[in-house]
Each structure stands twice: as structure tokens, then as C-alpha cells.
Amino acid sequence: MITYSAEGVKMPKIRKRDTSRWIKAVAATHGRKVGEIGYMFVDDEKILEVNNEYLGHDYYTDIITFDYDEGDVLNGDLVISLDTVRTNAEFFNKVYEDELNRVIIHGILHLCGINDKGPGEREIMEENENKALALLKEMSSRS
């Protein structure tokens, strides 16, 4: 089950059923099933607090992924700062909704075992994000 909640911010306008279907489809392309996934949308102050408390990092980020996977079943909590998503969308000249979808799937790709910190890993992550976003467009055009 995939849940969506917001703390300190307005819930973003996402189509939860379609987004959940898309997340499950992306997980399946990586040979995974979706177990319990919880999205929490927050502001910059909250994500800074979470980053500090749980990871010891003193900076803002767009997403923090807590991985509780069991075998091929994805389980995790994903904390997304809508402030940072908006800032990044403006900085990279992207549509806010597209950037939000990229971040939503970025966390799932982390749960699938794709990293983005080591040499060459960022390119692999971006390639997988782009494939997932193309799948979302394809799924949206069919419904």
C-alpha cells in the first residue's frame, strides 16, 4: 500500500491512484513489488530537521529515503520537501509537477537499489528517472 500525507504544507495536487499505479509499474520493471510505502510532503525546515536528526546532515534536500525493504518487496518512508522541489524546478527551468514526479520516483529507484552518490551513478539514476517519467507519460495518455 502507498500512502500520501503532508505536514506543514498543502498536499500537492497529485493523482494518487495513477501515481501509485505508476510506482508499482516502475518497481515491477526492476523486479520488485510494492509493500508499504509512505510519502510525507513537508517544507524545507522539516526536511532540514529530519536530515539533521536521522542522517547528521545540516543541509536542505529534496528527498530523504528510509529503506525498510524485505527481499524483493519495497518498503520505506519517503520525505519530500515541496519547497526544495519548487526551487529546483525554477533553477533547472522545469515544470513543478514534472520535477515533483521525478523526485517521487527518485525515492522508489533508491529503494530498487539505484544509487546516485558514487562515480557514474548519477547518470544511471537520471537514465532510470527518465525511463520512469516516459512510462508515466505513456500510462497517462492511455487513461
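Predicted model: local features only at pLDDT ≥ 70, side-chain atom pairs only at ≥ 80, totals over all residues.
Residues are numbered from 1 along each chain as its sequence is written, and side-chain values use heavy atoms, with hydrogens and water left out.

**Exercise 1. The overall fold**

Task: Work out how many helices and strands the protein chain has, and how its radius of gyration relates to the globule rule.

Solution: 
- Step one is the count: the protein chain holds 5 helices and 4 strands. Helices (H or I, at least four residues) and strands (E, at least two) are DSSP runs, numbered from the N terminus.
- Their order along the sequence is β-α-β-α-β-β-α-α-α.
- Next, the protein chain has a radius of gyration of 14 Å, close to the 15 Å from the globule rule for 143 residues, so it is as compact as a globular protein of that length. The radius is taken over C-alpha atoms, and the rule is 2.2 Å times the number of residues to the power 0.38.
- Along the principal axes, the C-alpha atoms fill a box of roughly 40 × 30 × 30 Å.
- Finally, 44% of the 143 residues count as buried. Buried means under 20% relative accessible area, exposed over 50%, and partly exposed in between (1.4 Å probe, protein chains only).

**Exercise 2. Helix α4 against helix α5**

Task: Find the angle at which α4 and α5 pack, and list the residues that make the contact.

Solution: 
- Start with the geometry: α4 (residues 96-111) and α5 (residues 121-142) pack at about 120°, and their axes are 9 Å apart. Axes are lines fitted to C-alpha atoms, for helices over the stretch in contact, and angles run from 0 to 180 degrees between N-to-C directions.
- That makes α4 oblique to α5. The classes are roughly parallel under 35 degrees, roughly antiparallel over 145, roughly perpendicular from 65 to 115, and oblique for the rest.
- α4 passes α5 in a right-handed crossing. A crossing is right-handed if the near helix is turned clockwise from the far one by less than a right angle, and left-handed if anticlockwise.
- From α4, the contact uses Asp98, Asn101, Arg102, Ile105, His106, Leu109 and His110; from α5, it uses Met125, Glu126, Asn128, Glu129, Asn130, Ala132, Leu133 and Leu136. Contact means heavy atoms within 4.5 Å.
- Sorted by class, the contact of α4 with α5 has 6 nonpolar, 5 polar and 4 charged residues. Here Ala, Val, Leu, Ile, Met, Phe, Trp, Tyr, Cys and Pro count as nonpolar, Asp, Glu, Lys and Arg as charged, and the others, Gly among them, as polar.

**Exercise 3. Helix α1 against helix α5**

Task: Describe the crossing of α1 and α5 and sort the residues of their contact by class.

Solution: 
- The axes of α1 (residues 16-29) and α5 come within 10 Å and cross at roughly 130°.
- α1 and α5 are therefore oblique to each other, and the crossing is right-handed.
- Arg21, Trp22, Ala25 and Val26 of α1 meet Ala132, Leu133, Leu135, Leu136 and Met139 of α5.
- The contact of α1 with α5 divides into 8 nonpolar, no polar and 1 charged residue.
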